[in-house]
Amino acid sequence: MVNLETFIEVLDFERHARDALTQMAYDYYASGANDQVTLAENRAAFERLRLLPRMLVDVSRLETTTTVLGQPLSVPFMIAPTAFQRMAHPDGEVATSRAARAQNVAMVVSTIASATLEEVAGGGATPRWFQLYVYKDRGITRSLVERAEAAGYSALVLTVDTPKFGRRYADVRNHFHLPPGLTVANLTGAGMERLSAVKGESGLAAYSASLFDPSLTWDDVEWLRSSTRLPVLVKGVLRPDDALRALDRGVSALVVSNHGGRQLDGVPASITALPGIVAAVEGRCDILLDGGIRRGTDILKALALGARAVLVGRPILWGLAAGGQAGVERVLHILREELELAMMLAGCPTVRHIKRDLVDDTPA
Ligand SMILES: Cc1cc2nc3c(=O)[nH]c(=O)nc-3n(C[C@H](O)[C@H](O)[C@H](O)COP(=O)(O)O)c2cc1C
């Protein structure tokens, strides 16, 4: 039995997961694409940023609440969509959803989750958003959208950086596939739930290559918007001109993201791409960010550079591996406490006090 009290920082969970998970599961969760340059840069870029705290501000009453798309959040971080959480714990996405509810943190649920979106909704995470991969058969997307609406999801997150999955060498070597009993649960009705081993290839790469639609363009963002009453976000934007295209197509918010370094290797850290996008968007929509968030100070830095909120990916999987719902709760609790401490020490009693000048612009 793992004593979660001995886990005092998010990285403790990652170290534990390395031993606790099978090689195939750990590698799938941890890997980036190719040389993993972007994966490393997501952390390094946060570490390079320097904070300039303000002194003698009354921080006796601290307020971490905010809103995204007008939806209230108790903290400016959410759970990112990550696939196949049942590889980390038998309760998978349902445990994550229960932890989200218990800690009052919002959750984004993946199209290729290992539990159905209805089962995850039953765990109680609120707000909950649904992430979309678009299959070649548009009827599948339409049906997922209808199901998400019916199950109380309050936004759709269209992932735009995945016409195909990036090349993750460890998954190729491990012949990545879903262990017995696990499926792409949301696709069961469509007969696309199986993800098997493929010779000389990651089974997931083969799955996406045969089923995901690589012809997606900005026109399809409008198609999606017209197919739903829910707000639509796009996830995976790294360029200011793409952010403006997204705005033209009427998206409600953007997620600046490089998919945790798992898609095109060699792109900048998302925190490096953020300021240019914030400048181009000029406040016309909420901007979120993910990639490399491991500390309260990372959240503070991202908010200072203009993110409305951030998403946390791998740490949730490490939390699941350590203790299911309780493990995820502990990860969320640590991040909340670290953010509160960082806000206090920086002289920011509320998230509205977290401004651009908190990050030092002087070249190192
Ligand atoms: C194991 C794993 C699975 C992922 N699955 C999805 C997914 O199904 N859909 C999606 O949009 N992003 C997916 N992502 C990307 C995350 O949503 C997020 O962009 C990324 O993990 C953030 O970086 P971080 O892990 O450093 O926090 C996945 C990431 C990981 C690590």
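Two residues are in contact if their C-beta atoms, placed from the backbone, lie within 7 Å. This is a predicted model: local features need pLDDT of at least 70, side-chain atom pairs count only at pLDDT 80 or more, and totals for chains, interfaces and linings use all residues. Residue numbers start from 1 along each chain as its sequence is written. The protein chain has 13 helices and 10 strands. Helices (H or I, at least four residues) and strands (E, at least two) are DSSP runs, numbered from the N terminus.

**Overall fold**

- For 364 residues, a compact globule would have a radius of gyration near 21 Å, and the 19 Å of the protein chain agrees with that. The radius is taken over C-alpha atoms, and the globule rule is 2.2 Å times the number of residues to the power 0.38.
- The C-alpha trace spans about 60 × 50 × 40 Å along its principal axes.
- Buried residues make up 52% of the 364 in the protein chain. A residue is buried if 20 or more other C-beta atoms lie within 10 Å of its own, exposed if 12 or fewer, and partly exposed in between; C-beta atoms are placed from the backbone.
- Among contacts with a separation of 6 or more, 73% join residues 24 or more positions apart.

**Helix pair α4 and α13**

- The axes of α4 (residues 92-103) and α13 (residues 314-346) come within 8 Å and cross at roughly 10°. That makes α4 roughly parallel to α13. Angles under 35 degrees count as roughly parallel, over 145 as roughly antiparallel, 65 to 115 as roughly perpendicular and the rest as oblique.
- Axes are lines fitted to C-alpha atoms, for helices over the stretch in contact, and angles run from 0 to 180 degrees between N-to-C directions.
- From α4, the contact includes Ala95, Arg98 and Ala102. From α13, it includes Leu320, Gly324 and Glu329.
- The residues of this contact divide into 7 nonpolar, 5 polar and 2 charged. Ala, Val, Leu, Ile, Met, Phe, Trp, Tyr, Cys and Pro count as nonpolar, Asp, Glu, Lys and Arg as charged, and the others, Gly among them, as polar.

**Helix α8**

- Leu204, Tyr207 and Ser208 are buried in α8 (residues 203-211). Seen down the axis of α8, its buried residues fall within an arc of 90°, so they line one face of the helix. The arc is that of the directions from the helix axis to the C-beta atoms.
- Helix α7 (169-173) is included in what covers the buried residues of α8.

**Backbone features in loops**

- Thr126 and Pro127 are joined by a cis peptide bond, with omega about -10°. Pro127 sits in the loop between α5 (117-123) and β5 (128-132).
- Asn34, a residue other than glycine, has a positive phi near 50°. Asn34 lies in the loop between α2 (23-30) and α3 (37-48), and is partly exposed, with 18 other C-beta atoms within 10 Å.
- His259 also has a positive phi, near 65°. Its loop runs between β8 (253-256) and α11 (270-281). His259 is buried, with 25 other C-beta atoms within 10 Å.

- Pro163 is in the loop between β6 (156-159) and α7. It counts as partly exposed, with 14 C-beta neighbours inside 10 Å.
- Pro163 and Pro214 are 51 residues apart in sequence and 4.3 Å apart in space, C-alpha to C-alpha. Leaving aside neighbours within four places in sequence, Pro163 is in contact with Phe212, Pro214 and Leu216.
- Asp357 lies in the segment after α13 and is exposed, with 9 other C-beta atoms within 10 Å. Asp357 and Pro53 are 304 residues apart in sequence and 9.1 Å apart in space, C-alpha to C-alpha.
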